[in-house]
Amino acid sequence: MLNYIQEQCRYADKVRKELEQSAALFGETREMILRHIADASVVDEKLAEGIKQLQQWQQR
């Protein structure tokens with residue numbers, strides 16, 4: 001019985017470590033996605049600015 005409890009304890013520790021690693025990975029992925037969104041927003045702003053300048057140029 002003691003062996004079974006010890007085995008379950010080791011298994012629980014292994015699962016806990018895997019969950020911690022997964023949580024860290026998801027956190028890193030979330031940050032990467034947020035940076036990508038921020039970078040894309042800058043690109044969108046620059047493109048909108050360029051389109052506006054082209055439209056103004058065409059109206060001349």
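This tour of a predicted model goes from the nonpolar surface patch that includes Met-1 to the salt bridges.

**Stop 1: the start of the chain**

Select Met-1, which lies in the segment before helix 1; that helix covers 2–59. Met-1 is exposed, at a relative accessible area of 77%.

**Stop 2**

Clear the selection and pick Asp-13, Arg-16 and Glu-20, which are linked in a network of salt bridges. Start with the pair Asp-13 and Arg-16, whose closest N and O atoms are 3.9 Å apart. With a cut-off of 4 Å between a side-chain nitrogen and a carboxyl oxygen, this pair therefore counts as a salt bridge. The two residues are 3 apart in helix 1, so about one helical turn separates Asp-13 from Arg-16.

Go on to Glu-20, which also forms a salt bridge with Arg-16; here the closest N and O atoms are 3.0 Å apart. Arg-16 and Glu-20 are 4 residues apart in helix 1, again a separation of about one helical turn.

Switch to a surface view for these residues. Asp-13 is partly exposed, with a relative accessible area of 32%. Arg-16 is partly exposed at 39%, and Glu-20 is partly exposed at 45%.

**Stop 3: Arg-30 and Glu-31**

Select Arg-30 and Glu-31, which form a salt bridge with 3.2 Å between the closest N and O atoms. Glu-31 is partly exposed, its relative accessible area being 38%. The count of salt bridges in the model comes to 3.

Notes:
Residues numbered from 1 in each chain as written. Predicted model: local features only at pLDDT ≥ 70, side-chain atom pairs only at ≥ 80, totals over all residues. Heavy atoms only, no water. Patch = residues over 30% accessible without salt bridge, like charges linked within 9 Å, V, L, I, M, F, W, Y side chains within 5 Å. Areas by Shrake-Rupley, 256 points an atom, 1.4 Å probe, with all protein chains shown as cover. Buried < 20%, exposed > 50% of the residue type's maximum accessible area, 1.4 Å probe, protein only.
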